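Subject: Structure handover

Dear colleague,

Here is the structure I said I would pass on. My notes on it follow below.

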Amino acid sequence: MVSNSPSATMAVSSFARMLKGQVRSYSAPLDMAIPPSKQRYIPTSGSYPKGFLVSGTHVGVKASNTRFPDLALIASETPCSAAAVFTTNKFQAAPVQVSRETLRTRKGQGIRSVVINSGCANAVTGKGGLEDAVQMGRTVDQCNGVEKDSSLVMSTGVIGQRLPISKILDRIPTAHNNLASSHEAWLTTARAICTTDTFPKLLSREFTLPSSPGQTYRLAGMTKGAGMIHPNMATLLGVLCTDAAVEPAALQSILKHAVSRSFNSISIDGDTSTNDTIAVLANGAAGGNVVPASETHEDYQALKTVLTDFAQELSQLVVRDGEGATKFVTVRVRNSSDYESARLIASTIARSPLVKTALYGRDANWGRILCAIGYTQGVRDGVVVPERTSVSFRPVDGSPILKLLVNGEPETVDEERASAILQNEDLEIEIDLGGGEKGKAGCGGEDAVYWFCDFSHEYVTINGDYRT
């Protein structure tokens, strides 16, 4: 006999929900295997900066994690210049507060390590949480044999819970002993900072600077994030390392510029977090001239371009791993009379639930895009003029664009072609505001780009189950 009591109904519902949670099309499988569709984003080799060592170690911050790495350690053999950009959320996690103070006190100099745990955000945890974050950093300093407060600390995971600090402190010496420079070590370290990510996000590259054309420098970076993603910044963490020598003030200025056009130009669900931190370390191990804090210096400009391009590529991996995402969407707002207005419009489109669900449903409902343009807050007067506004889908395969609206006049849309374009994983939405110097489309003006993903049923499932 089947009981119809409320408790029985709840039990059946809970069991069904649990089963549903076992089969997810777009989220990380319970065994942490990387989905086949995401394998292509995993580098099989890398070119990593000199003088940096990394490790990923299992702690078991979450009791359910019995074997996967969840403590990351990035260490330089020599002191680094360092810079960071932090969340603007008013509820700032303990590691954010501690790391910001470390950089302020040290004036961006003498940083040796970054230690990161996943599984618990150490956010909204009071004085005890601050003490835990300080202890993490100082334990790493002791392992390095350096003076205290030379390490930055990051955490990610569930908000409002204290860290199992004793377990973490006990495993930091193991993490230090496991430090290595191999590609496998970097990949394991990138894996250790993941939460609901389906794959580790790691990039590396080589570059040169104008003042030392024969000198090769290296840049590597890892990031995590799949949900609660929207500037400023998102529930993401990132660490970039280079063996170029850079003045701290130059590093901070360059990082701020790069983040504004990368990690602060992505959106998954419109939420911002308590822990967001992007840090960059430069140890100068490759030699060469020091990049000065002068915006007119050729090395400064070159490094700014390199770091911005790199940060954009790294941040786009976060969007490609959006919780439940089936599409990677670029929205490009062109010919605005000012950059900030273009950026606000791109941001509004990127976080519109109606736009995101239409894209998931493969519905070329351009009216939703137009509405988002029209209700964007903070746009300067005269930037959006209906009679000058055009909207198009630009296929990534290079085929002709599909015009939806031209100078305020709707086009006759080929619905079959629109549906075919929306079948693809990658899509570009192009908005032309026609607001260049002469107020005509295509005449030049300010452009802004945002990267975002769609909303699927899977997003609700993932976030409904997050703490379980």
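The model is predicted. An open sheet contains seven strands with mixed pairing, in the order β8-β15-β10-β14-β11-β12-β13. The edge positions belong to β8 (266-267) and β13 (409-410); each has a single partner strand, so one side of each has no neighbour in the sheet.

Within that sheet, β10 (residues 328-336) and β15 (residues 446-453) run antiparallel and are joined by seven bridges. One of the bridge partners can be named: S336 pairs with E446 in β15.

Two helices on the sheet are worth noting. Helix α8 (residues 339-350) lies across β8, β10, β14 (426-432) and β15, and its direction is at about 20° to β15. Helix α11 (residues 415-422) also packs on the sheet, where it touches β11 (390-394), β12 (402-406) and β14. The direction of α11 makes about 115° with that of β12.

α8 also packs against another helix, α10 (residues 366-375), at an angle of about 135° and with the axes 9 Å apart. At that angle α8 counts as oblique to α10. The crossing of the two is right-handed. On the α8 side the contact is made by I345, T348 and I349, and on the α10 side by I369, A372, I373 and Y375.

From α3 the contact takes in D132, Q135, M136, T139, V140, C143 and N144, which meet I165, I168, L169, I172, P173 and H176 of α4. The contact of α3 with α4 divides into eight nonpolar, four polar and one charged residue.

On confidence, the mean pLDDT of the protein chain is 87, and 86% of its residues reach 70 or more. Two stretches should be read with that in mind. Over residues 1-28 pLDDT stays under 50, and the model has 27 contacts beyond four places in sequence for them. Over residues 437-443 pLDDT again stays under 50, with 13 such contacts beyond four places in sequence.

Regards

Conventions. Residues are numbered from 1 along each chain as its sequence is written. This is a predicted model: local features need pLDDT of at least 70, side-chain atom pairs count only at pLDDT 80 or more; totals for chains, interfaces and linings use all residues. Side-chain values use heavy atoms; hydrogens and water are left out. Contact means heavy atoms within 4.5 Å. Helices (H or I, at least four residues) and strands (E, at least two) are DSSP runs, numbered from the N terminus. Ala, Val, Leu, Ile, Met, Phe, Trp, Tyr, Cys and Pro count as nonpolar, Asp, Glu, Lys and Arg as charged, and the others, Gly among them, as polar. pLDDT is the predictor's confidence in each residue, from 0 to 100. Two strands pair if DSSP finds at least two bridges between them. Axes are lines fitted to C-alpha atoms, for helices over the stretch in contact, and angles run from 0 to 180 degrees between N-to-C directions. Angles under 35 degrees count as roughly parallel, over 145 as roughly antiparallel, 65 to 115 as roughly perpendicular and the rest as oblique. A crossing is left-handed if the near helix is turned anticlockwise from the far one by less than a right angle, and right-handed if clockwise.
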